[in-house]
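Trainee: Please take me through one part of this model in close detail, and give the cut-offs behind each term as you use it.

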Amino acid sequence: MPETLTTTDALAAFCARAAQAPYVTVDTEFLRERTYFAQLCLVQLALPGEDDSDAVLVDPLADGMDLAPLYELFRNTGVVKVFHAARQDLEIFHVEGDVVPAPLFDTQVAAMVCGFGDQVGYETLVRKIAKASLDKSSRFTDWSRRPLSDAQKTYALADVTHLRQIYEYLSDRLKTSGRTHWLEEELASLTDAENYVVEPENAWKRLKLRSSSPKLLAVAKELAAYRERTAQEKNIPRNRILKDDALMELASTKPRSVQDLSKSRLLLRDARKGAIAEGLVAAVKRGLEMNPEDMPKLPKARDRSGLNPALADLLRVLLKAKAEEAGVASKLIASSSDLDDIANGEHDGIWATGWRREVFGEDALRLLRGEVALSAVGQKVKIVPV
């Protein structure tokens, strides 16, 4: 069985070894079903090697365990921190330790850049690159319960031991193909600490809003902010306080008193009384009293009255051809909506920057300017200068 570190001294000793390594693979197990903030239950770490002797489990729930040595390792710019699908892990470490590991290598993002498709799963990469299989029977177990079973430990360890081979393969492939800068562009957003700070005042932007009424948006904004703050303070899921459909119902009906809340069809029972009910009514009041210039506004939809459908279809053909040539999924380069925007004369999408511009954007603009045409050559579509 893998070694489980249960003391800060043991963790510090391992991190001292890791500080001398070129990289360390990292994964976590956590629970989030009953809390707002994820409960970190286990951290898995592995150093370069071909066996399990350089891989450990770290128990953050052990009495007296302090993860400070791990966070210091995360700040060590001489060691690459390797994750797969890192976003949730990074959010946990930012909340727990005020740190975003750097430099970072995300094998899911790297696999996308290398042509494995969008959001490829770890199990798929283990099968295709490491030529191994995973036992996923412990995936949905309660990681907060102690002691951990041997099956849980084996499952958890596999998430970092196979990751070593996957990282080395993808890293080499990126260097060979000259696409390392593609990965760096994709990771820039992932490593931005601002992405892991949830401001209650911006929570309304996640709502699926069907009305542009300033008054309704103002009330929805205040309700969403109140829900977010309360969920953070109580450390419970936001939907335990107020579900989205109930929030939009209140934004529409605008209850003025706790008694008015009883008319809601969707409100949870606990939200109809006490402090939460009073908080909801107060939030509605703040929204109704908001100054017109402070009321939120939905982004204006782009005017596509001048859209040429035939040109949009040509761009779809070009995108498919360029995506196949590059070995990446076309939707990673540009969406169908992006193509309509391009045909409509809008040239400010993500497709127009970085590696996406290299692969597709520049040729799309040349097509718009009439500098190139598309031609069928056998089973392939080729770009022909005009």
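Mentor: UniProt positions are given here in the numbering used for this chain, with feature names shortened, and such annotations may be inferred rather than shown by experiment. With that caution, the unreviewed UniProt entry carries the annotation "domain: HRDC" over residues 213-294. This is a predicted model, in which local features need pLDDT of at least 70 and side-chain atom pairs count only at pLDDT 80 or more, while totals for chains, interfaces and linings use all residues. Residues are numbered from 1 along each chain as its sequence is written, and side-chain values use heavy atoms, leaving out hydrogens and water.

The stretch 213-294 is 61% helix and 0% strand, with its end C-alpha atoms 13 Å apart; helices (H or I, at least four residues) and strands (E, at least two) are DSSP runs numbered from the N terminus. The chain comes to 15 helices and eight strands, and its C-alpha trace spans about 70 × 65 × 35 Å along the principal axes.

Strand 2 (23-31) gives the most to the lining of the largest pocket, with six residues, while helix 3 (87-97), helix 5 and helix 6 each supply at least two. By class, the lining has 10 nonpolar, six polar and 11 charged residues, where Ala, Val, Leu, Ile, Met, Phe, Trp, Tyr, Cys and Pro count as nonpolar, Asp, Glu, Lys and Arg as charged, and the others, Gly among them, as polar.

Of these contributors, helix 5 (residues 122-130) has Tyr-122, Leu-125, Val-126, Ile-129 and Ala-130 buried, that is, under 20% relative accessible area with a 1.4 Å probe and protein chains only. Seen down the axis of helix 5, these buried residues fall within an arc of 105 degrees, so they line one face of the helix; the arc is that of the directions from the helix axis to the C-beta atoms. Their cover includes helix 4 (107-113) and helix 6 (150-177), and Lys-131, whose phi is positive, near 55 degrees, follows helix 5.

Methods: Buried means under 20% relative accessible area, exposed over 50%, partly exposed in between (1.4 Å probe, protein chains only). Contact means heavy atoms within 4.5 Å.
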